[in-house]
Amino acid sequence: MENTVTGNNSIAVHCKGLTKSYGSGSNQVHALCGVDLEVRTGELMMLVGPSGCGKTTLISVIAGVLDRDGGECLVFGYDFKQMNPPEKTRYRGRNIGFVFQMFNLIPALTAAENVAVPLIINGAKRREAVGRAREILCRVGLSDRTNAVPAELSGGQQQRVAIARAMLHNPKLIVCDEPTSALDHETGHKVMELLREVAVGIGRALIVVTHDARIFGFADRIAKMDDGRITSIENSRIDLSSNTRH
Ligand SMILES: Nc1ncnc2c1ncn2[C@@H]1O[C@H](COP(=O)(O)OP(=O)(O)OP(=O)(O)O)[C@@H](O)[C@H]1O
Ligand SMILES: [Mg+2]
């Protein structure tokens with residue numbers, strides 16, 4: 001596998017003192033309590049930590065799915081707080097791919113149509129978008145299931161459709177919430193290899209939230225999170241000059 005990290009240290013994501021709460025009064029939950037995190041272009045940053053520590057909340061704020069309460073958050077130098085809703089939608093549509101923890105596939109659409117949605121939103125012709133969606137579904141091993149609707153797919157197949165959808169429009173930043181949780185060991189490795197290939201490179205970055213120790217070796221750095229804060233960031237122990245990450 002090509003090492004795309006060397007010599008490319010510009011910043012993809014910058015978070016400083018980032019805060020986010022849910023609810024109010026006695027029901028208020030402080031999900032992010034001052035997150036400091038920088039993700040460089042050319043790297044795969046993994047985010048690990050116990051259930052409820054704020055991982056999904058953090059990547060949702062980074063991806064512009066949720067608004068932050070306070071602190072700084074820049075994605076390739078852009079601040080969602082400075083954009084109006086159409087600008088934000090356009091920016092996210094062009095630059096960010098999100099693999100949701102619960103997949104979020106549209107039940108009435110086929111696998112190929114689900115994958116094609118971001119391209120169609122960006123103005124591509126439906127026929128062309130579905131054609132490209134079929135190609136990328138082949139790359140995640142689903143060539144024979146492109147016409148199935150989500151209810152006809154296994155959990156692992158739905159997860160691969162969600163991953164294909166996040167990659168199709170070639171975004172500069174992909175954030176994935178537990179992308180291998182429903183996948184067996186071999187499929188999980190293939191998906192991570194594909195994600196690294198398409199999402200990690202010059203001017204690009206990949207953030208993966210995971211509990212899956214089997215894929216830690218794909219990370220360039222691993223950020224540990226607890227109680228709404230980043231507690232440590234370590235280089236992956238894997239030698240980046242090696243071709244064998246696993
Ligand atoms: N929509 C919401 N309304 C209220 N509280 C929420 C909401 N979403 C998350 N929380 C709370 O915010 C905290 C952080 O949640 P988050 O989903 O970010 O955790 P997580 O680290 O992704 O957990 P997991 O590993 O279980 O997915 C938790 O205490 C959670 O209960
Ligand atoms: Mg989560």
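**A walk from the ligand shell to the core**

Of the 13 residues around ligand 1, Y22, S51, K55, T56 and T57 come nearest; a residue counts as near when its C-beta atom, placed from the backbone, lies within 6 Å of the molecule. This is a predicted model, where local features need pLDDT of at least 70 and side-chain atom pairs count only at pLDDT 80 or more, while totals for chains, interfaces and linings use all residues. On labels, residues are numbered from 1 along each chain as its sequence is written, and chains are lettered from A and ligands numbered from 1 in the order in which they are written.

Back to that shell. By class, the residues around ligand 1 split into four nonpolar, eight polar and one charged. Here Ala, Val, Leu, Ile, Met, Phe, Trp, Tyr, Cys and Pro count as nonpolar, Asp, Glu, Lys and Arg as charged, and the others, Gly among them, as polar. Both β2 (29-40) and α1 (55-62) supply at least two shell residues each, and α1 gives the most, with three. Element names follow DSSP runs, numbered from the N terminus: helices are H or I with at least four residues, strands are E with at least two.

Now look at helix α5. Among the buried ones are V161, A164, R165 and L168. The buried residues of α5 pack against β5 (96-99), α3 (111-121), α4 (126-139), β6 (173-177) and α6 (185-199).

Of its 67 residues, I62 and V115 touch the most other members. The largest share of this core, seven residues, comes from α5. Leaving aside neighbours within four places in sequence, V115 is in contact with A133, I136, L137, V161, A164, R165 and L168, contact meaning C-beta atoms, placed from the backbone, within 7 Å.

A couple of backbone angles deserve a glance. Most residues other than glycine have a negative phi. In the loop between α5 and β6, however, N170 has a positive phi near 60°. With 14 C-beta neighbours inside 10 Å, N170 counts as partly exposed. F103, in the loop between β5 and α3, has a positive phi of about 70°; its 19 C-beta neighbours inside 10 Å make F103 partly exposed too.

Further along, D212 sits in the loop between β7 (205-209) and β8 (221-226). Not counting residues up to four places away in sequence, D212 touches T180, S181 and G188. D212 and E178 are 34 residues apart in sequence and 7.9 Å apart in space, C-alpha to C-alpha.

Finally, confidence. The chain averages a pLDDT of 90, and 92% of the residues score at least 70; pLDDT is the predictor's confidence in each residue, from 0 to 100. Over residues 1-8 the pLDDT is below 50, and this stretch has 16 contacts beyond near neighbours in sequence. Residues 240-246 also stay under 50. Where pLDDT is low, the predicted coordinates should not be read in detail.

Key. Buried ≥ 20, exposed ≤ 12 C-beta atoms within 10 Å, placed from the backbone. Contact = placed C-beta atoms within 7 Å. Core = buried A, V, L, I, M, F, W, Y, C linked by C-beta atoms within 7 Å.
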